[in-house]
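Please read it beside the sequence and the coordinates.

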Amino acid sequence: MKSDPVTDRSFMRVALSLAGRGLGRVWPNPAVGCLLVEGDGCESGGVVGRGWTQPGGRPHAETEALRRAGNAARGTTAYVTLEPCNHQGQTPPCSEALIKAGVTRVVAALRDPDPRTAGQGLETLSRAGIDVTEGVCEADAAELNAGFLLRVTKGRPLFTIKTATSLDGRIATHGGDSQWVTGDRARALGHQLRANHDAILVGIGTALTDNPSLTCRLPGLQGRSPLPVVLDSALRLPLDSLLVRRAKGEKVWVVCTERAAGDRKKALCDKGVEVIQVASAKDGRPDLRIMAKALGERGLTRVLVEGGGTVAGAFVADGLADRLAWFRAPRLIGGDGTPAFGTLGVDKLARTPYFQPSGRRQAEPDWMETYRTK
């Protein structure tokens, strides 16, 4: 079947935009978008169905797009940002749903590494006589679902370190004044980040100092607050803190070590908090690599780290800082201020952690810069 690569990329970008709507709301599933277009992708007509993975991971994007299209799905091209699933779960496989609906062509951006699918979805479609094209906007699709891919391949979520600093990399003055280093627009972008992450993680120092709620406070997005996770070796989180109060109706996780007293664990659990105990690192704090695996086992794919310099530095030192979201204000605090990253123990420039710049946008008067591991 003939196709037009330019048209395919154009429609796939729309499908990727749809997929982004699910970020932070669909874990442990991937955020997928599906677009159903009349024709073969070259001499195409209009869009007859749009779908994206729904909150909680069901229905899948393909099922949602097919439901919206109804009988109009027959003879269409389906643009899907991830290979259609091929296993029976809570719902039938999406590969079978596309076949049953009479879709004649499927364009997939990325293969699903989940061993239950892993190429089998596309193979099933091909065996049914459906024309299959793959690899369209593959890099964009891989970036959008980088957290899901990490969880499937390495058993842990993707971690984004978010920090707001002065030009010289300070998050507070020597007296501890930190509210606010950046302005309203930068803080709004920070809350958008919260909305598209599964969880938000802070250390016990931040929890004790700020008593944060860690919610998304943008109008219309209050229902997209991420799951709070607190690193708290000895379970010092106050029972009357805002985070513990959230546990009455929402998930709240606290990660501790063997140092934690049993009565403190029971008290938090009685309040609805889930306590996750992991082995301690040499410094007595939770071993971050073990913690990362524990979060992956519980289904998290994207975690926003908003802790202070100690927590941020620990993630970098342990090789767990996959992305940086750096908000920078046009002010100077000076060398006696609190640095954004704690001690890394690096003695040679050649051994310093290196990040690839991936984006920059203005949040007047501040800037938001993004970086990713190379």
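The model is predicted, so local features need pLDDT of at least 70 and side-chain atom pairs count only at pLDDT 80 or more, while totals for chains, interfaces and linings use all residues. Residues are numbered from 1 along each chain as its sequence is written, and side-chain values use heavy atoms, with hydrogens and water left out. Helices (H or I, at least four residues) and strands (E, at least two) are DSSP runs numbered from the N terminus.

**Helix packing**

- Helix H2 (residues 61-69) packs with helix H3 (residues 94-101) at an angle of about 20°, and their axes are 9 Å apart. Axes are lines fitted to C-alpha atoms, for helices over the stretch in contact, and angles run from 0 to 180 degrees between N-to-C directions.
- H2 and H3 are therefore roughly parallel to each other (angles under 35 degrees).
- In H2, Glu62, Thr63 and Leu66 meet Cys94, Ala97, Leu98 and Ala101 of H3 (contact means heavy atoms within 4.5 Å).
- The residues of this contact between H2 and H3 comprise five nonpolar, one polar and one charged. Ala, Val, Leu, Ile, Met, Phe, Trp, Tyr, Cys and Pro count as nonpolar, Asp, Glu, Lys and Arg as charged, and the others, Gly among them, as polar.

**Cavities and pockets**

- On a 1 Å grid over the protein atoms alone, a cavity is a set of points where a 1.4 Å probe fits but cannot get out; a pocket is an open set with protein on both sides within 12 Å along at least five of seven lines; lining residues have an atom within 4 Å of a point.
- There are two cavities of 30 Å³ or more, and the largest cavity has a volume of about 50 Å³. A volume is the space filled by probe spheres set on the points, which are joined across faces, edges and corners.
- Of the 15 residues lining the largest cavity, Leu23, Asn29, Asn145, Thr301 and Arg302 lie nearest its centre.
- The second largest pocket has a volume of about 650 Å³. Its lining has 23 residues, of which Glu143, Leu193, Asn196, Arg302 and Thr370 lie nearest its centre.
- S15 gives the largest share of the lining of the second largest pocket, four residues.

**Backbone geometry**

- A cis peptide bond with omega about 0° joins Gln179 and Trp180; Trp180 is in the loop between strand S7 (170-172) and H7.
- The peptide bond from Glu364 to Pro365 is also cis, with omega near 10°, and Pro365 is in the loop between S15 and S16.
- Cys137 has a positive phi, near 60°.

Key: Parallel < 35°, antiparallel > 145°, perpendicular 65-115°, else oblique.
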